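Student: I would like to learn how to read a model like this one. Where do we start?

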Amino acid sequence: MTLADDVILEFLQNEPGDNIRASPAVIEANIDYKISHIRNRLRKLHQGGLVEYYDESRGIYQITEKGRSYLRGDLDAGDLESP
């Protein structure tokens, strides 16, 4: 897990219960990372089950329950498969 991963997950979580569904471009417009890095990290977060596609054909992601658990501190980064 990287700092960018935390920032991406926090952006997608927004407020608990009020999750954002966003493309890499929308995420880039709201956080301080380049789109290429965001795309790379989203692939890793997706592989780790922390985000999922809301609409795969449009490349729109949303946070998963596992991602919310990680942000709450219920999951340790060491317990995750190397995203």
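Predicted model: local features only at pLDDT ≥ 70, side-chain atom pairs only at ≥ 80, totals over all residues.

Student: Which residues touch the most other members of the largest nonpolar core?

Tutor: A core is read as a set of buried nonpolar residues joined through side-chain atoms within 4.5 Å. Here the largest one has 16 residues, and Ile8, Leu9, Leu12, Ile27, Leu42 and Val51 touch the most other members. At least two residues of this core come from each of helix H1 (3-13), H3 and E2. H1 gives the largest share, four residues.

Student: Is lysine 34 buried or exposed?

Tutor: Compare its relative accessibility with the cut-off: exposed means over 50%. Lysine 34 has 62%, so this residue counts as exposed. Lysine 34 lies in the loop between helix H2 (24-30) and helix H3 (35-47). Its C-alpha atom is separated by 13 Å from that of valine 7, and the two residues are 27 apart along the chain.

Student: How many bridges join strand E1 to strand E2, and how do these strands run?

Tutor: In a regular strand, side chains alternate between the two faces of the sheet. In this case E1 (residues 51-55) and E2 (residues 60-63) run antiparallel and are joined by four bridges. Aspartate 55 stands opposite isoleucine 60 in E2.

Student: What phi does glycine 59 take in the hairpin?

Tutor: A positive one, near 70 degrees; the hairpin of E1 and E2 has four residues between the strands.

Notes: Residues numbered from 1 in each chain as written. Heavy atoms only, no water. Pairing = 2+ DSSP bridges. Buried < 20%, exposed > 50% of the residue type's maximum accessible area, 1.4 Å probe, protein only.
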